Amino acid sequence: MNSTEIERLIIEAIKEVAPEVEKNTIDFDEDIREECDLDSMDFINYLAALQKSTGIKIIEGDYPKFHSINSALAFLNDKNS
Amino acid sequence: MSENIINKMSYNSSDTNLHDYQQSCDDFNWQTDPKKTLNIAYQAVDKHLNTSIENKVALRWLGKDEQLIDYSYRDLAEQTSLFASVLAKLGFEQGVRVFSLVGRLPLLYISALGTLKFGGVFTPLFSAFGPEPIRSRMEIGEVNVLVTTKRLYDKKIATWWHELPHLNVILFIDSPEDEKISVASSHPLDKGCYWLTILLTDADTRYPCAKTHANDMALLHFTSGTTGQPKGVIHVHQAVVAHQSSAKYALNLKQDDIYWCTADPGWVTGTSYGIIAPLCLGVTMIVDEAEFEVERWYHILQQQKITIWYTAPTAIRMLMKAGTAIREQYDLSALTFIASVGEPLNAEAVRWSEKVLGLPFHDNWWQTETGAIMIANFASQPIKPGSMGLPLPGITAAIVKRNAQGRIETIEQAMQIGELALKQGWPSMFRGYLHREEKYQQCFQDGWYLTGDLAKRDAQGYYWFVGRADDLIKSSGHLIGPFEIESALMEHEAVAEVGVIGIPDEITGQKVKAYVTLNPDVECTEHNLAALQKELKGFARKKLGAAVAPKEIVFRKNLPKTRSGKIMRRLLKARELNLPEGDISTLESDEQ
């Protein structure tokens, strides 16, 4: 997976729980829960979808790394390399 | 049942505010005088001026980005006066309705207390609500002033607020210098909008507390209805008497405690026990801006040396799920008492907390309408895991039913299911549903307030929650009305009918599920339905926000309806849970 693919998978995973989200209206550096209006359960379901699509294991302790889309990108790129 | 009791043999009675439960109940007297002047903000803040705790930290705010700001009781007194004087300068008078729609930022707390100090009525809204729940609550509540952020305003309010006849002023609590909004702030604000931080700079730090009366309206909280719009629940300044005494008894709060209530002030717990009660008792309260995160929460408990923690089952179950390895990295030895509210805490979670956190959660029960904790597991009493506990001193509870004559009869026999009722007259009892007097009167009969919750009482007097008597959904501790969700989905062009119910969820208690029938012209191919399902989910989220929108949507050809055309949610639920269908004599048209 390259970075572009990972970004696509992140957006797809967000859309699983929040289908109304449009990529071009969200700030990649902002708190994703605020940007995409995710409650705690949405957030967990988003990470579960992401784990499934990327095949990268995401444990409880990693959750803070998914604070924003850009931080998630950095984390997943790093894991993928 | 004795094997299910957590006895507290090692409990030191000097650590508890309620030494002898029965004696305290017998001796209790509310000592309230409705003619007396009484103001919640005075009790929470100004009362402490010129006492030994005026410079003590009253509120410690923890920001998302590791910021920390302390406010002493004197700071809060001055800041709330500033806010009250801004309301005066803007030309408002006592009784002004101030709503907040904002995350847990310091100015939210100052606005709430400042409004009460001014003699206004404060209503907190949950910032994760979508535009529809926000608008309906603001319309019903006849809001005059909205405190929010520029960001939330642009996202949820800007296009329609001018249509509300009573809303004149919007106060932004973020700063125009904030880098994220600096571009926007170079444009003039919409008419009626102000930067609060600018108005506060030349306001009056000594603006006096209004001499409100005990029975003057102070708080207007919204609660969901089953068949109609949300209801505005009226509380008066006298409620503070119950806030204070319940926090002392049920949360065991003492002046030297460091206390963390994790509830958002957008819900009643976050106001009664996340703003008012702890300040009245002179404690240091911690406010965390961020949302739930396992490690962050353990870190706060350790770093801030929290002694008393009041949280909710959904969060507790998420901590359980995260496992013990994370918990073992943190020192939680400062904790002396932990409590839970929002929905019944399962016995397993109480046992888990005793084993893993080192002390058991004390579940308690109350509602928006009761204003304060009514039934609780106490520090000095044995805990029965899964039970909501015993009535507080000053509260008379009973399990009741209607007899053949339609009168209320108490059920004395142990473990019989009936409606939970409270003898009316405690200080934080709600005084009305705004503009819905008839609905209010329906909640009372023969001197009892009928809670709408089904429960039972055991031989030792402990109460056990059974379920709601109506169709309301309890998800993550929040009461959600199916009607609001059904109405929003009905606005979609493809939708013909909707029935919304709550289905069991191991983390959130219940989750919202919508059953939808589609208009005849909708093409029902598999592909089209899958796309429509997503579209409807997004549609509902946009209108209602994440806290209210359904987590699951399914399609049906027909929904079960009564002869009058009312969708039978009860039947949808019984079928979902494989329960007996009960009386279906009114069923006219069945589910397909």
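Colleague: In the open sheet of three strands in chain B, what is the strand order?
Modeller: The model is predicted. The pairing in this open sheet is mixed. Its three strands belong to chain B and follow the order 26-27-28.

Colleague: Why is one side of strand 26 and of strand 28 of chain B left without a neighbour in the sheet?
Modeller: Strand 26 (495–505) and strand 28 (552–555) of chain B stand at the edges. One side of each has no neighbour in the sheet because each has a single partner strand.

Colleague: Which residue of strand 28 of chain B is the bridge partner of Val516(B)?
Modeller: Strand 27 (residues 509–518) of chain B runs parallel to strand 28 of chain B, and four bridges join them. In strand 28 of chain B, the partner of Val516(B) is Phe555(B).

Colleague: Which helix of chain B packs on this sheet, touching strand 26 and strand 27?
Modeller: The direction of the helix makes about 140° with that of strand 26 of chain B. The helix spans residues 482–490 of chain B and is helix 16.

Colleague: Which are the edge strands of the open sheet of nine strands in chain B?
Modeller: The order in this sheet is 2-1-11-10-12-13-14-15-16, with mixed pairing. An edge strand here pairs on one side only. The two in chain B are strand 2 (68–72) and strand 16 (390–391).

Colleague: What is the bridge partner of Ser340(B) in strand 14 of chain B?
Modeller: Strand 13 (residues 337–340) and strand 14 (residues 361–365) of chain B run parallel and are joined by three bridges. Within strand 14 of chain B, Ser340(B) is partnered by Asp363(B).

Colleague: At roughly what angle do the axes of helix 3 and helix 4 of chain B cross?
Modeller: Two packed helices are described by the angle between their axes and the distance between the axes. Helix 3 (residues 73–89) and helix 4 (residues 106–118) of chain B have axes that come within 8 Å. The crossing is right-handed. Its angle is roughly 65°.

Colleague: How many charged residues are in the contact of helix 3 of chain B with helix 4 of chain B?
Modeller: Helix 3 of chain B contributes residues including Leu76(B), Phe83(B) and Leu87(B), and helix 4 of chain B contributes residues including Ile110(B), Leu113(B) and Lys117(B). By class, this contact has eight nonpolar and five polar residues, and the charged count is one.

Colleague: Which residues have the most contacts inside the largest nonpolar core?
Modeller: In soluble globular proteins, nonpolar side chains tend to be buried together. The largest nonpolar core here has 196 residues.

Colleague: Which residue in the turn between strand 17 and strand 18 of chain B has a positive phi?
Modeller: Strand 17 of chain B and strand 18 (residues 408–410) of chain B pair in the antiparallel sense over three bridges. They form a hairpin with five residues between them. The turn residue with a positive phi, about 85°, is Gly406(B).

Colleague: Which helix of chain A gives the most to the side that touches chain B?
Modeller: Between the chains, 15 residues of chain A are in contact with 21 residues of chain B. By class, the side of chain A has six nonpolar, two polar and seven charged residues. Three residues come from residues 40–54 of chain A, which form helix 3.

Key: Residues are numbered from 1 along each chain as its sequence is written. Chains are lettered from A and ligands numbered from 1 in the order in which they are written. This is a predicted model: local features need pLDDT of at least 70, side-chain atom pairs count only at pLDDT 80 or more; totals for chains, interfaces and linings use all residues. A nonpolar core is a set of buried Ala, Val, Leu, Ile, Met, Phe, Trp, Tyr and Cys residues joined through C-beta atoms within 7 Å. A residue is buried if 20 or more other C-beta atoms lie within 10 Å of its own, exposed if 12 or fewer, and partly exposed in between; C-beta atoms are placed from the backbone. Axes are lines fitted to C-alpha atoms, for helices over the stretch in contact, and angles run from 0 to 180 degrees between N-to-C directions. A crossing is left-handed if the near helix is turned anticlockwise from the far one by less than a right angle, and right-handed if clockwise. Two residues are in contact if their C-beta atoms, placed from the backbone, lie within 7 Å. Ala, Val, Leu, Ile, Met, Phe, Trp, Tyr, Cys and Pro count as nonpolar, Asp, Glu, Lys and Arg as charged, and the others, Gly among them, as polar. Two strands pair if DSSP finds at least two bridges between them.
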